[in-house]
Amino acid sequence: MRFLRPWLLPRSHFSRVGQQISFVRGNRRLFSSSGRLNQIPSSGNLAALKDILKVSEEVTEALATNKPVVALESTIYTHGALGNDLDLEDIVRRNGGVPAVVGILAGVPTVGLLPDEVARMVEGSPKKVSRRDIAYLVGMGMAGNKIHGGTTIAGTMVLARLAGIQVFGTGGLGGVHRGGHESFDISADLTELGRTRMAVICAGCKGFLDIPRTLEYLETQGVLVSTFADGRTGAVDFPAFWARDSGIKSPSVVHDEEQAAAIILAQERLGIESGLLFANPIPEEFSIPRDEMNAVIEQAVYESTQQGAVGNENTPFILKRIRQLTDERSVLANKVLVQANVERAAKIAVALSRLVADGFVPSNKPIEQQSSFQPIRGSNTSINEISRETQGISPADILVAGSVAVDLNCDYVGEDSLEHPSPHLHTSNPAHVGQSVGGVGRNVALAAQRVMQNPQVRLCSMIGDDLAGSTILSSMQASGMDTSCVKQLNREQYPASRTAQYVAVNDASKNLVLGMADMGIFTAHSFPERWSSTVKESKPKWLVVDGNWADRDIRAWIQAGKQNNSSVAFEPVSQEKSARLFCNEKDLETLGVFPHPSVDLATPNQYELAAMHAAAQRHEYFEDPRWWDIVDAFGMRGARDRFVKLTSASMTDSGIPQQVIQLLPYIPTIITKLGNYGALLTTVLGKDDPRLFETSQEKFILSRNLNNHPQVGGVYMRLFPVVEQVDDVVSVNGVGDTFLGVLIAGLAQGGKIENLVNVAQKGAVLTLRSPQSVSENLGVLRSELVAAAS
């Protein structure tokens with residue numbers, strides 16, 4: 001085994017045990033490419049129940065044929081005090097919908113309980129079931145202990161969402177109890193609304209709760225709260241259950257069921273996983289005046305405090321006293337408002353069904369398993385079919401093979417953000433949440449398109465046959481992007497294909513804290529023949545491949561590029577995915593080495609660079625005789641002082657220039673993005689490269705070849721400081737992607753890379769100041785890019 005030269009080793013970043021060297025990898029990202037799209041926790045948890053959920057035949061048929069369905073909770077029967085004559089199912093039917101009572105019957109979670117099943121539950125000492133209780137009752141049932149359970153609002157949302165229902169009519173919402181900021185007595189209904197996409201129609205929350213804090217909590221959870229105007233104009237109050245007004249203005253207002261239905265459909269199409277709360281004020285003739293109700297509530301709350309009724313005893317005690325103090329008027333009001341809410345829910349469901357039937361993408365499909373990707377090696381499509389599909393594709397200067405996804409960006413906005421800019425772990429955090437279309441490949445392609453005067457840019461990607469996929473296509477077309485090579489996988493042939501999604505959690509300074517990406521569509525499906533044909537027909541000057549593909553497919557793309565004489569750039573995406581370029585090469589074509597490299601350019605940040613280096617070392621890329629031949633030709637003896645001079649002592653001690661040099665034989669040009677420190681360009685110079693002989697470039701010559709190697713002339717290393725310190729950052733998402741897109745646009749026009757780095761940095765700055773993942777203002781750099789490329 002051959003060992004690395006001493007100049008290749010950073011200080012304080014390796015340890016020796018005998019002769020074994022292990023490098024430490026970083027775990028943060030600065031100036032990073034936006035690896036895109038997320039696994040949605042709520043959907044994943046719900047999908048785990050799918051195989052044991054029972055859905056009635058009527059509800060199943062209704063969902064399959066786009067009939068309006070309304071979910072109903074079962075606690076209103078099992079634990080309510082409203083009697084047996086609510087007639088809720090008939091109210092749904094009279095208004096054109098299909099009722100779906102939700103509960104757990106003898107340990108079986110059921111959507112669409114029949115009347116005799118509900119009666120059986122009521123007679124069988126049922127438990128009250130929220131999200132936390134579902135697994136317990138179902139698990140006990142599997143173990144032979146058959147327990148009935150009436151589902152609360154939260155429990156009903158979980159099971160109804162799993163079945164594919166979108167509208168739920170109920171009575172009143174739980175909320176933050178008075179003093180809840182100290183006792184943490186907060187209803188699970190609120191957190192469920194924050195993570196489960198369901199439209200809940202209710203009469204607000206009960207007046208003895210802390211309504212302002214309840215609304216604040218819902219805002220933090222990302223829940224839309226909107227109140228029906230009922231003919232009123234201007235701002236209206238959020239209702240307080242028995243009273244139409246609470247004294248607290250509703251965050252927003254809707255005027256009719258059609259508006260509510262459109263909002264529900266928009267939420268579904270955008271893939272936003274939080275719920276929607278539509279408050280329906282109690283009919284005026286049955287309401288109890290606000291002042292009268294407040295006096296009753298104050299007395300009931302005072303007595304509950306005196307009696308020590310806390311926790312799950314608090315609400316029943318208060319409700320009982322309110323009932324007594326109002327001489328049963330509260331019970332009548334409760335019954336009427338539940339019926340009114342269910343009627344309105346049915347009308348909303350009918351309006352939603354009509355919207356879908358009028359041409360919107362169907363959105364009432366059950367949630368698919370989040371982990372159900374099944375690798376597909378190739379397809380049944382013949383070579384002739386592929387050829388016909390790709391015939392007529394016009395040439396492109398730039399072809400980007402990478403991800404497109406729906407992005408969810410969460411920026412922390414806590415009250416302590418000045419002192420503590422990072423969100424707090426293990427708890428809910430206040431945030432500004434925005435959604436957009438992104439994905440590394442899409443962002444790079446869009447940046448290149450926006451900065452070029454006569455763009456010929458094409459994205460090759462995959463999406464699912466779902467709402468997110470349709471949204472992406474519409475967005476790309478609206479941006480003028482070429483969608484001819486974005487393959488939409490149909491549900492029949494590829495049932496597990498799901499459009500990619502990404503969630504970015506940022507601190508108060510808009511720096512990425514955590515990203516969650518669901519990019520399974522790119523690793524589960526492989527179409528190498530189609531991709532090769534696409535590259536052949538497109539004849540790109542530059543092919544950009546991002547790291548979201550599986551190892552084998554990254555190699556397939558690279559091979560297709562080289563076979564068609566394209567220059568190839570690799571965008572690492574993330575620490576984990578960056579390592580895919582240097583994977584185990586068993587059964588794969590070997591990566592080429594300078595002067596015949598497979599990859600011409602890579603743009604990692606410092607942490608992705610470390611991950612790439614570690615992967616190359618782990619899989620023995622540094623043992624290849626071809627690698628040693630090029631590294632020895634660099635003439636790097638005594639290079640540490642030159643590393644320090646061209647970068648810095650701290651950068652050298654961290655191992656950045658050493659790692660770059662070791663990867664350079666495989667990737668002869670590497671631009672390492674260093675956040676506030678700028679960008680480090682390192683490139684292999686050929687024997688006759690003019691930079692070896694230009695006085696102006698002399699200070700950037702790291703080394704010269706001393707052993708008469710026929711191809712290697714030396715190494716060029718240049719640190720470009722940041723072009724501007726940005727204090728007014730709007731979003732960090734897509735900044736690295738924009739950098740690469742602008743850079744590739746200049747290279748495709750014949751520019752020299754050292755003349756393009758600062759223009760690319762300026763593009764990144766524009767995106768830092770933009771709420772979008774690629775700034776719409778990149779066009780201002782066109783003349784500068786042309787000048788730099790000339």
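**Notes on the predicted model**

1. Of the protein's 790 residues, 58% come out as buried. Keep in mind that this is a predicted model, so everything below is computed from predicted coordinates.

2. Among contacts with a separation of 6 or more, 78% link residues 24 or more positions apart.

3. The accessible surface is about 32100 Å², and carbon and sulfur atoms hold 50% of that.

4. Now to H148, which sits in the loop that runs between α6 (131-142) and β8 (149-151). Is H148 buried or exposed? Its relative accessible area is 11%, so H148 counts as buried, the cut-off being under 20%.

5. What does H148 touch, leaving aside residues up to four places away in sequence? The list is I104, L105, A106, R120, M121, G124, P126, K127 and L137. As for S125, it lies 23 residues from H148 along the chain, with 7.2 Å between the two C-alpha atoms.

6. Over to strand β21 (residues 512-518), where you'll find L514. With a relative accessible area of 46%, L514 is partly exposed. Together with V513 and M516, L514 makes up a nonpolar surface patch; the accessible area of the three comes to about 250 Å².

Methods. Residues numbered from 1 in each chain as written. Predicted model: local features only at pLDDT ≥ 70, side-chain atom pairs only at ≥ 80, totals over all residues. Heavy atoms only, no water. Buried < 20%, exposed > 50% of the residue type's maximum accessible area, 1.4 Å probe, protein only. Contact = heavy atoms within 4.5 Å. Areas by Shrake-Rupley, 256 points an atom, 1.4 Å probe, with all protein chains shown as cover. Helix = DSSP H or I, 4+ residues; strand = E, 2+ residues; numbered from the N terminus. Patch = residues over 30% accessible without salt bridge, like charges linked within 9 Å, V, L, I, M, F, W, Y side chains within 5 Å. Salt bridge = Lys/Arg side-chain N within 4 Å of Asp/Glu carboxyl O.
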